[in-house]
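This briefing covers selected strands, helices and side-chain contacts of one model. The sequence and structure come next, followed by notes grouped by topic.

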Amino acid sequence: MGTLRDRFLQLAERITTPLVPADYLDIIDPLRSGTELRGRIVEIHPETRDAVSLVIKPGRGWRTHTPGQYIRIGVDVDGVRQWRAYSLTSKTDRPDGCIAITVKAIPEGKVSNHLVQRATVGTIVQLDHAAGEFTLPAAAPSKILFLTAGSGITPVMGMLRNMADHIDVVVVHSAPTPDDVIFGGELRMLASQGRIRLIEKHTDTDGMLSAAELSDLVSDLPERQTWACGPTGMLDALEQHWNDTGIPERLHTERFRPTVVTAGEGGTVTFSKSATVLDTPGDQTLLDAGEAAGVLMPSGCRMGICFGCVAPLRQGAVRDLRNGDVTTAVPGDGVLIQTCVSAAAGTCDIDL
C-alpha cells in the first residue's frame, strides 16, 4: 500500500493527463527549485539608443557569480530557443537577489534585437550558471587599466560595480559618439568622484584608437595589469602591441563571438568522440541514429523522462520532437540535450 502522498500524486496525474502536476507547477512558479534554471525579467533599463540592461530574478538554484563573468541566456525567438552569452553587469550582493545583463543590438543579431526591442517585464528566460575567466584575481593589482570598445564595457562595468575604491583604475573606452557610450552617465560620475580616470575616444570624430596611442594616454602603461574587451581587430592589435613591448602576461582579453545558427529539417550529425558522421532525417532521434551507426549512446527510458541520454551539443541545432522547439549552440556553449527526443535541425556536433 502506497503512502497518502503517492496515492495523491497518482490521482493528480490521472486528472491532469496528458500533462503531469509538475507542468502546472511550472506555470504557477516557473522559478521553483528542482526545475531547469530559469529567470524572470523584472526591470528593463535603456542605456543607449540600441542597448538595454535587463534585471533578472533567477530561480532558486542560482549560484552567485564572480564580477567579469558571463551567463548564457536561452530565449524563445519565433518558436526557436536560442542561447547567447552576455556579461553580468550587476553587483554580486544585491539585496533582492537579482542579476543584470546588458545587451546591445547588433546588425542581424536575432537574439540581441529581440531582447532590446521586444523583451518585456515578466518574460521567463532559461539560464545557465555563470562562467568565464575574464575576472580580477582575489588580490587585485594596485594599478589597473580597462581598455574597452562598444559593448566590451559590459564585463568591465561588472567589475567596477564590485570593486574597492582604493585601487588606481584607468578606463579607456571607445564608442562612436558620447551618446553611444553604454553606462556613459555612470562612468562619468565615477570619474567625477575620483574613483576612476576615464578617457573617452569618440570614433566618429577622433577616429579609431591605435595601440601606439596608448602610451601617450596612459604614461605608466607597462606598470598596469590590463583587461581588454572589444572587437576582434582591436584585441588582435593590442595583443601584438603587448607582445612587442615584452609584457604579454599583463594583458587579459575577452572576445565576444558572433553566433549565427540556421535551423532546418534533418542534417549532418557528427558524434565527435567516436569520429562518426551521419546524414539523418528530421524525424529520427539522435539516439536511434547513433545506435544504428554503432556509437556508444547512453540511454534510459527513451521517452525523455529519466535524462539518462543527456549529452552536450557542441554546436549546431537540434529539434525536440515532442514540441518542435529548436535548441542551438556554438562552440564552447556545451548545451545539454536529450538524444532520445531530439533530432537534427541542420548540421550539429554531439559530444559522444
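The side chains of Thr102 and Ser53 are joined by a polar contact of 2.7 Å. The model is predicted.

- Thr102 is part of strand β5.
- Thr102 has a relative accessible area of 4%, and because buried means under 20%, Thr102 counts as buried.
- A second polar contact, of 3.2 Å, links the side chain of Thr102 to that of Thr89.
- Leaving aside residues up to four places away in sequence, Thr102 touches Glu47, Val52, Ser53, Tyr86, Ser87, Thr89, Thr154, Ile182 and Phe183.
- One of these residues, Thr154, is among the buried residues of helix α4.

**Helix α4**

- Helix α4 spans residues 153-160 and is mostly covered, with eight of its eight residues buried.
- The buried residues are Ile153, Thr154, Pro155, Val156, Met157, Gly158, Met159 and Leu160.
- They pack against the strands β4 (80-87), β5 (99-104), β7, β8 and β10, and also against α5 (184-192).

**Helix α3**

- Helix α3 covers residues 110-117, and its residues Val111, Ser112, His114, Leu115 and Val116 are buried.
- The cover over these buried residues includes β2 (51-58), β3 (70-77), β4 and β5.

**The open sheet**

- Which strands form the open sheet, and in what order? Five strands do, in the order β9-β8-β7-β10-β11, with parallel pairing.
- The edges are β9 (197-202) and β11 (251-254), each of which pairs on one side only.
- On average, neighbouring strands of this sheet are turned by 15° against each other, direction ignored.
- Strand β8 (residues 168-175) runs parallel to β9 and is joined to β9 by six bridges.
- Within this pairing, Val171 stands opposite Leu198 of β9.

**Helices against the sheet**

- Helix α8 (residues 232-245) lies across β7 (143-149), β10 (225-229) and β11.
- The angle at which α8 runs to β11 is about 165°.

Conventions. Residues are numbered from 1 along each chain as its sequence is written. This is a predicted model: local features need pLDDT of at least 70, side-chain atom pairs count only at pLDDT 80 or more; totals for chains, interfaces and linings use all residues. Side-chain values use heavy atoms; hydrogens and water are left out. Two strands pair if DSSP finds at least two bridges between them. Helices (H or I, at least four residues) and strands (E, at least two) are DSSP runs, numbered from the N terminus. Axes are lines fitted to C-alpha atoms, for helices over the stretch in contact, and angles run from 0 to 180 degrees between N-to-C directions. Contact means heavy atoms within 4.5 Å. Buried means under 20% relative accessible area, exposed over 50%, partly exposed in between (1.4 Å probe, protein chains only). A polar contact is a pair of N or O atoms within 3.5 Å; within protein, one must be able to donate a hydrogen and the other to accept it, and residues adjacent in sequence count only if both atoms are side-chain atoms.
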